[in-house]
Each structure stands twice: as C-alpha cells, then as structure tokens.
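Dear colleague,

Please find below the structure that I am handing over to you. My notes on it follow directly after.

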Amino acid sequence: MKRIKLLIIIIPFALAIFAIPIIATIMPDETISNDENRTLTSITDIILGKLNQEETVHFREAVSQKEYVAAVKILLTGIPPMEMGKITTSIGDFYFSEQFPYRDTLVKLYSKYLLASGKIDARDVYIMDGWIYPLAFDAQKSDIEAVGVALNRMANKYPDIEFYYQIMPHKKSMLYSLEDNKYLPYTQGERSRQLLKDLLKQGHINVVDTQEYFNNLSLEEKKKLYFKGDFHWNALGAYEGMKFLQDAMVAKGTISEDQKFSDDDFVFRTLDDKQYIGDLQVRFSGLIALDEVVPMIESIHKDDMTYYTIYNNIWKRETLIGAGLDKNPIKYVDVYTENLGYYGCINENAKTDKKVMVFKDSFQNPNTDMLSTIFRDVAIIDVRYIDWSFWFHHMVEKSQPDAIIFMYQEQNYSLLLKDYLLRSL
C-alpha cells in the first residue's frame, strides 16, 4: 500500500520532468512576452552575448550572407574554450526558463496573486497612489565616465559642428516628493547626472539638463508631463523639454530668438477614445487599470513634411508617426514614433535652413515634429537598431549637420552609444 502511494506521488512528478522539456522542444520559440513587455532570449542571443560588438557585427554579416564556415570561425576565435561550457549551461538553464511552455499564462496568474496579496513592489516596479514607478537604478561610475569620454572625443573631432547633450528627466526624479523612502532615492540620480555634466563640460558639448527647468514647476504641473503606468514622459513632457532645449540653442547662437517654435505652430489634442497601456502596466500583465491622458502634439505643417529612410527612400508619415493609432488599446510607440534605427524629415516650412542630427533613446519619440518645426532637415538615429555598417562618420557625411544632439533619459548612460562612437574614432 505504501509503495502504491509512493508511486502515485513519483509518477506524475517524473512525467512532468520529462514532458515539459519535450513540449518546450516541440513548440516553436516565442520571441515576445506580451505579459512582460520584453523580448525573450533566444539561443542566438546567449551565444552573441559572449562576443564583443565588432565580432557580433561580423558574425551577423556572415550569417546573413550564408557564409556559415566564416560564422563558426568567428565564434571559435571570439569565445574562449572555457566559455563554451558556460554557454551550454546557459542554454540549458536560462533559455529554457525563457521558453517555458505557456509561460505568459503562468506569468499572468502570478501577477494576479501579487495584486491580490497587496504586493506593491515586484517585477522591478512599485505601485503608489495610482502611479507605477520603476525601482531605483544606480549607474556605475565607470560606465558614466566611459560614455563621457567617448562623447568628448567625438565632439572634439568635429569642432565646426555644435554639439548638445540633453538630459531628459525620469519621472522618479521629477515626482520624488510623492514619497520619501527606498523606492525613490533621489540623490542617486542627482550624483550620476552631475558626474556626466562635469565630464561633458570639459569638452566641446553643451549640456542641457532639463531637470533644471522642470524643477521650477509645481508637482501637479510635473504630473501632467508623464504617463502614470509608463516608463516615459508624454508629448507634453517632450514639448516642455524641447522649449528648454531651443532656449539653450538660442543662448549658444545655433538658432535665433525669432526661429523658436511657439504654441501656434502645433495642434494639441488628446486621444480620448483610446485605452492606453503603459509598459510598466504590462509588467503586471495589464491587470492594473489606470485612467491615462494621452496627449499628441502635431505640426500644422505635418502634411507638407517629407520622411526618408537611410537609403533615401520616401517614408509615409502614417507608417512612422502614430502608426498604431488604429489599435485599441494603444502603447507608447503606437502614439508617437517607433524605435527605428534611422529616419529623416525634411520640412520646407521650417524656421531655419539648418540641418540637425539626433542620437536618441525612446524618450525622444514624441518630439520629432518639434525638431522639424525648427530645422529644415532632421536625421534621427537610434544606435540600438541602426545597421552598424553605417558608422558615425558616415552619418555626418550623409547629413552634413549644423548641430548634433544626443537626447537620452537621465539614467541611460548608453554603453552601446559609447561603442558606436568609438568605432568611428
């Protein structure tokens, strides 16, 4: 009898142990987790994580050209023998956890459990007073210094081009007075931001710290500039940030006072008929309902603007800006621009005939119309997605910019940007 009871316990457990890997092997790999709003790791990601940036570029080129022998040689040369064993372990452990059968269903059930139990901090976010915040992140001093050095070296290479670095404030920094506890350690971001500013001021780069401007606003005014359940600011936040940037450009002589944009250059509206799902909401499987205001700010000349690709092909505005407005619910990239490697805009009605080249993260997405209202030709580059065969100096030769702007949120000390810049030095 005891043996039968033991078998009743052991057999289902053994079946699960053997069945789950088989199911995971048979089922196709998932590339996106909708319930976590992120890309899931593939075997290729694990392997390429062991290569440096240049080796990764060469490996991808070899694979795309079906030169598989060359691709294998790159792997064998770039990955030490001892690391090969670690890769096998990673594929067995981390990859399997990423591709666990019915993963999103299980994640959603766990989200329901967390909310039912009153948990306010989980999934690297926390919930407070109807807002969702990412947990504090303390950047490494060495990372900030590496980014600062690369930016200064590149700016010094082009002394005739005006360089700007706009620090775009995170909502944790702006709304920190909502709570004074471990979730919002304001001084961490302050120290990191000041270190980068001090580094860039040693070179040929104009630093525009948007927080200095936002600090003059009341807490209620600041709250209107950010989404409650999203990592990002909204179009109103981007607009206020651009007003501060254009003032800085006037002070440096890049543009004149009468070349600044004003409210009359735009149409302001809100998407009242849409439900907005922020990327922080998605970390709780979209189970937290928030009443979001979704502002859009569009140029009065938007229909006269021409958009182009890196190969100078024409791009339709509706496939670039607000490309997902036919959806419901909508997300950040549906309302503003997608995170694209490269695109450009020409506006014959711009305030100036000057050209500008912008390196950005996703905080820039809402302000393309604002930049295009000032500058005749705007080239937007995201090093996370651009083909790295187009180096920095290639972009300068293509765009011939009068000014180059780096637009990054205050916690994004991009080592990828650093690597991209150093390739061209």
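**Findings**

Leaving aside residues up to four places away in sequence, Lys-197 touches Ile-167, Val-207, Asp-209 and Glu-212, where contact means heavy atoms within 4.5 Å. Lys-197 belongs to helix α9, residues 186–200. Helices (H or I, at least four residues) and strands (E, at least two) are DSSP runs, numbered from the N terminus. Lys-197 counts as buried because its relative accessibility is 7%; buried means under 20% relative accessible area, exposed over 50%, and partly exposed in between, with a 1.4 Å probe and protein chains only.

Two remarks on the basis of these values are in order. The model is predicted, so that local features need pLDDT of at least 70 and side-chain atom pairs count only at pLDDT 80 or more, while totals for chains, interfaces and linings use all residues. Residues are numbered from 1 along each chain as its sequence is written, and side-chain values use heavy atoms, with hydrogens and water left out.

In the loop between α9 and β7 (205–209) lies Gly-203, which is partly exposed at 28% relative accessibility. Its C-alpha atom is separated by 9.9 Å from that of Phe-163, and the two residues are 40 apart along the chain.

**The sheet**

Eight strands form an open sheet with mixed pairing, in the order β7-β6-β15-β13-β14-β12-β10-β11. The edges are taken by β7 and β11, each of which has a single partner strand, so one side of each is left without a neighbour in the sheet. Two strands pair if DSSP finds at least two bridges between them.

Strand β13 (residues 355–360) is mostly covered, with five of its six residues buried. It pairs in the parallel sense with strand β14 (residues 377–381) over five bridges, and Val-358 stands opposite Ile-380 of β14. From β13 the chain passes through helix α15 (residues 368–374) to β14 in a right-handed β-α-β crossover; right-handed means that, with the strands pointing away from the viewer, the path from the first strand over the helix to the second runs clockwise.

The pairing of β13 with β15 is also parallel and spans five bridges. Here Met-357 stands opposite Ile-404, and Phe-359 has Phe-406 as its bridge partner.

Helix α16 lies across β6 (162–168), β12 (342–346), β13, β14 and β15, and runs at about 150 degrees to β13. For such angles, axes are lines fitted to C-alpha atoms, for helices over the stretch in contact, and the values run from 0 to 180 degrees between N-to-C directions.

**Backbone geometry in the loops**

Most residues other than glycine have a negative phi, and most peptide bonds are trans. Which residues have a positive phi without being glycine? One is Asn-312, with phi near 70 degrees; it is found in the loop between β10 (306–308) and β11 and counts as exposed at 53% relative accessibility. Another is Gln-400, with a positive phi of about 50 degrees, placed in the loop between α16 (392–399) and β15 (403–409).

A cis peptide bond, with omega about 10 degrees, joins Asn-328 and Pro-329. Pro-329 is found in the loop between β11 (314–315) and α14 (332–335).
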